[in-house]
Amino acid sequence: MKEDRKKILDQIDEKMATLGQETETHLKGLLNAKPITYWDYIHTDALLNLQIPRTTHKDEMVFIMYHQINELLFKMILWEIEQISFHEDLQPGFFAERLGRVSRYFDVLTESFTIMKDGMEVEQYMKFRDTLTPASGFQSAQYRKIEFASTDLINLIDARFRETIDRETPFENAYNHLYWQAAGKNYSTGEKSTLLNLFEEHYMGEFIHFMKKYNTRNLDLTFMALPDEARHNVELQNQMRHYDHTVNVKWVMAHFSAARHYLESGSKVAEATGGSEWQKYMLPKYQRRIFFPKLWTREELDGWGETNLDGHNTLEEPLLI
Ligand code: HEM
């Protein structure tokens, strides 16, 4: 027997011994196994059977599939963030490299948003959207998880209530003051919209669990816990700033621009399917969602969503760390 084949067999024997298994049985299994195919491995049949329009309008397919592509990329993003946040010996190089992956995925989402803005006939969209009320992309749970995993919870609290929330606040209470509650909650009566109620019925428990999981492990606090020298690594700082700016300004503006294209196409401004005051709610300058506030200068923070930052560290002014 060739030396390298023997070496592999010895390694397999060793592995099987630790599992309490017989190598011979597994080898016989190999003899009878079906060859793997692309379609079995990628599960193309399952994947391509998940697009089910509710109307006869052809462009509804564009809408469904682009949302599904978003959800797949959201999953890829969460996969990488988890590797950073739960790494046992995190080094700045690994952090920057994995964050680079996350940023590339979000760059794709931002740059491809024209698929939504320019890729559907307005007349068709305005018809099939009626069958979607009261659903909205607002109810994407993975999008919310990306937020929880990226930043300290306080940065997701509605700016009007930040003073009232601290680390002692129960998660349920913090949850009820997240910035996005503003899309579906009347703060004077406490009443929530159907959009929000359905979302919470389905996901609230999962969200609270996830918030706890990332409470001290989110990207913001993980970065701040690095040694001083690592925190001042310019490559890492640039990756963090690029990611923050892409998610919270560029993507948000691409999304807003698509919403305007469709909802302002008629003689009067249309209501959002989810029912929010979308023209205000969706803008970064009002939302002020910033994942890594200490990585921006005071001036950059003041002009958030209004000045055209390219997400790169100019280092002309000291950052707030
Ligand atoms: C024609 C395309 C789109 C339009 C007109 C549109 C419109 C809107 C509107 C008006 C809102 C505000 C909430 C409400 O519904 O009242 C919203 C929220 C949202 N949409 Fe879209 N959207 C579009 C595409 C997408 C896509 C492709 C995604 C990707 C998953 C998405 C994800 C979201 C998310 C995550 C929110 C919540 C944002 C936040 O809380 O800041 N939307 N959308």
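**Helix packing in the chain**

Modeller: In this predicted model, the part to begin with is a pair of helices: α5, which covers residues 60-85, and α6, which covers residues 92-111, have axes that come within 9 Å and cross at roughly 165 degrees. An angle over 145 degrees counts as roughly antiparallel, and α5 and α6 are therefore roughly antiparallel to each other. Their crossing is left-handed. On the side of α5, the residues that meet α6 are N70, L73, M76, I77, E80, I81, Q83 and I84. Their counterparts in α6 are F95, R98, L99, R101, V102, Y105, F106, V108 and L109. Sorted by class, this contact of α5 with α6 comprises 12 nonpolar, two polar and three charged residues.

Helix α6 also packs against α14, at an angle of about 20 degrees and with the two axes 9 Å apart. Because angles under 35 degrees count as roughly parallel, α6 is roughly parallel to α14. The crossing of α6 and α14 is again described as left-handed. From α6, the contact draws on P92, F95, A96, L99, G100, V102, S103, F106, D107, L109 and T110. From α14, the contact draws on E235, L236, Q239, M240, H242, Y243, T246, V247, K250, W251 and A254. The residues of this contact of α6 with α14 divide into 13 nonpolar, six polar and three charged. Among the residues of α6, F95, L99, V102, F106 and L109 are listed in the contact with α5 and also in the contact with α14.

Two of these helices return in the surroundings of the ligand. The shell around the ligand receives at least two residues from each of α5, α14 (234-263) and α15 (278-281). Helix α14 provides the largest share, five residues. In total 24 residues surround the ligand, and the closest are S136, G137, A272, G274 and S276. By class, the shell has 14 nonpolar and 10 polar residues, and no charged ones.

Helix α5 has a further neighbour in α9. The buried residues of α9 pack against α5, and also against α11 (194-213) and α12 (219-224). Helix α9 spans residues 141-150, and seven of its 10 residues are buried, so it is largely enclosed by the rest of the structure. The buried residues of α9 are R144, K145, I146, E147, F148, A149 and S150. In the loop between α8 (122-128) and α9 lies P134. The peptide bond that joins T133 and P134 is cis, with omega of about 5 degrees.

Helix α11, one of the helices against which the buried residues of α9 pack, contains I208. Leaving aside residues up to four places away in sequence, I208 touches F171, E172 and Y175. I208 and L196 are separated by 12 residues in sequence and by 15 Å in space, from C-alpha to C-alpha.

H43, in the loop between α3 (38-42) and α4 (44-47), has phi near 55 degrees, a positive value in a residue other than glycine. H43 counts as exposed, because it has 10 C-beta neighbours inside 10 Å. R288 is located in the loop between α16 (284-287) and α17 (298-302), and its phi is near 50 degrees, likewise positive in a residue other than glycine. With 16 C-beta neighbours inside 10 Å, R288 counts as partly exposed.

The chain as a whole gives the setting for these details. It has 17 helices and two strands. Of its 321 residues, 25% count as buried. Its C-alpha atoms fill a box of roughly 80 × 60 × 40 Å, taken along the principal axes. Among the contacts in the chain with a separation of 6 or more, 74% are between residues 24 or more positions apart.

Terms used. Residues numbered from 1 in each chain as written. Predicted model: local features only at pLDDT ≥ 70, side-chain atom pairs only at ≥ 80, totals over all residues. Axes fitted to C-alpha atoms, helices over the stretch in contact; angles between N-to-C directions. Helix = DSSP H or I, 4+ residues; strand = E, 2+ residues; numbered from the N terminus. Parallel < 35°, antiparallel > 145°, perpendicular 65-115°, else oblique. Left-handed = near helix turned anticlockwise from the far one by under 90°. Contact = placed C-beta atoms within 7 Å. Nonpolar A, V, L, I, M, F, W, Y, C, P; charged D, E, K, R; others polar. Near = placed C-beta within 6 Å. Buried ≥ 20, exposed ≤ 12 C-beta atoms within 10 Å, placed from the backbone.
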